[in-house]
Each structure stands twice: as structure tokens, then as C-alpha cells.
Amino acid sequence: MIRWRYFINSDKPELADEGKAGLTRLPEGAPVALAEALIRGGWQSDDRMWRAKYLGSDYEFTEITEERAYELIRSWVASGWLERMPDDASTITPELAERLTAMDRKAAAAWRDVPKPPGAEDIDLPGAENISG
């Protein structure tokens with residue numbers, strides 16, 4: 001059984017209650033390339049966490065508990081945004097997982113080679129702890 005970490009797709013978690021922010025999940029300890037977003041039809045592979053980590057996109061994520069994630073999902077089913085509770089199984093095939101993990105490793109290696117200015121390790125990047133992988 002996969003243990004998941006759940007994230008609201010926003011730096012303002014209250015937006016999820018209003019239906020204005022989505023939900024992303026990531027297997028514990030997995031690279032961000034293996035993230036899945038919840039859409040109307042269920043979970044699907046999603047690259048927004050990867051783009052936020054490696055390409056500097058402006059996507060924000062706030063980690064929430066599994067209980068909070070399921071509370072949101074149940075409310076979205078009740079409101080009709082989702083037709084039914086989504087399956088818990090990952091939608092990423094082993095072949096796709098292998099390709100995505102390789103993509104993540106390649107991006108991580110490229111970032112390791114980028115020179116950092118003096119003192120850069122002292123800079124606190126808000127939200128960086130939320131998308132580690």
C-alpha cells in the first residue's frame with residue numbers, strides 16, 4: 001500500500017474549501033515527478049510540482065494531512081464537482097514511473113551543477129520544504 005503526502009495547490013489552503021484550489025498527492029519519499037493531481041475523473045499524473053521545483057514556476061503547494069485531504073474530497077463529491085470518491089491506487093504505470101523518475105534525477109543533477117552565490121544556503125525559500133522529493 002502506498003503512503004501518500006497530500007498538498008493543496010495553493011499557498012492559501014482556505015481556497016480549497018471554496019473549490020478554488022485543487023489537490024495533489026505524492027508518494028512518501030518519491031521524487032516530485034511522481035505527483036498526481038485530482039481532476040474530475042480521478043487522479044492523474046501531473047507535472048506542476050516538478051515545474052515548481054526545477055523550472056521556477058509560480059505554482060504553490062501547502063501540505064495537509066490525509067484526513068484533511070479526504071475531508072475535501074468528500075465535500076467535492078457532495079457538491080457534485082467529483083462524481084465519486086477516487087481510487088487510492090496510483091494511476092502512474094511502472095513504465096511511466098521509471099521515465100518520470102529518470103527525468104527528476106536529470107533535473108536534480110542539473111541543479112546540483114548550478115553555481116550558488118556566497119550565502120545562498122542561508123536563504124530561506126518559503127514553501128521549499130513542502131515540495132521536497
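## Starting at a loop

Gly41 is exposed, with a relative accessible area of 68%. You can find Gly41 in the loop between strand 3 and strand 4, the latter covering residues 42–45. Keep in mind as you explore that this is a predicted model.

## The overall layout

Let us step back to the whole chain. How many helices and strands does the chain have? There are 4 helices and 5 strands. Read from the N terminus, the elements follow the order β-α-β-β-β-α-β-α-α.

The chain has 133 residues, and 38% of them are buried. To count as buried, a residue needs a relative accessible area under 20%.

## Rings that pair up

The structure contains 4 aromatic pairs. One of them joins Tyr6 and Tyr70, whose ring centres are 6.0 Å apart; the planes meet at 65°, so this pair is edge-to-face. The cut-off behind that label is an angle over 60 degrees. Tyr6 belongs to strand 1 (residues 4–8) and Tyr70 to helix 3 (residues 66–79), so their pairing ties together parts of the chain that are 64 residues apart in sequence.

Is Tyr6 buried or exposed? Tyr6 counts as buried, because its relative accessibility is 1%. Trp76 and Trp81 make another edge-to-face pair, with 5.5 Å from centre to centre and 65° between the planes.

## A look at Val77

Val77 is found in helix 3. Its relative accessibility is 24%, so Val77 counts as partly exposed. Where does Arg40 sit relative to Val77? The C-alpha atoms of these two residues are separated by 9.7 Å, while the residues are 37 positions apart along the chain.

## Arg25 and its two partners

Now for charged side chains. The structure holds 9 salt bridges. In one of them, the side chains of Glu36 and Arg25 meet with an N to O distance of 2.9 Å. Glu36 lies in strand 3 (residues 36–39) and Arg25 in strand 2 (residues 23–27), so the bridge ties together parts that are 11 residues apart in sequence. Both Glu36 and Arg25 are buried. For Arg25 this is because its relative accessibility is 0%.

Asp88 is partly exposed, because its relative accessible area is 28%.

Arg51 forms a salt bridge with Asp47, and their closest N and O atoms are 3.2 Å apart. Arg51 counts as partly exposed because its relative accessibility is 26%. Asp47 is partly exposed too, because its relative accessible area is 37%.

Salt bridges can also join up into a network. Asp17, Arg68 and Glu71 are linked in this way.

## A negative patch on the surface

What kind of charge gathers where Asp11, Glu14, Asp58 and Glu60 come together on the surface? These four residues form a patch of negative charge. Glu60 counts as partly exposed because its relative accessibility is 36%.

Methods:
Residues are numbered from 1 along each chain as its sequence is written. This is a predicted model: local features need pLDDT of at least 70, side-chain atom pairs count only at pLDDT 80 or more; totals for chains, interfaces and linings use all residues. Side-chain values use heavy atoms; hydrogens and water are left out. Patches are made of residues with over 30% relative accessible area and no salt bridge: like charges are joined within 9 Å, nonpolar side chains (Val, Leu, Ile, Met, Phe, Trp, Tyr) within 5 Å. Accessible areas come from the Shrake-Rupley method with a 1.4 Å probe; for residues, only the protein chains shown count as cover. Lys and Arg count as positive and Asp and Glu as negative; His and the chain ends are not counted. The place of a charge is taken as NZ of Lys, CZ of Arg, CG of Asp or CD of Glu. Buried means under 20% relative accessible area, exposed over 50%, partly exposed in between (1.4 Å probe, protein chains only). Rings of Phe, Tyr and Trp (its six-membered ring) pair if their centres lie within 6.5 Å; planes under 30 degrees apart count as stacked, over 60 as edge-to-face and the rest as tilted. Helices (H or I, at least four residues) and strands (E, at least two) are DSSP runs, numbered from the N terminus.
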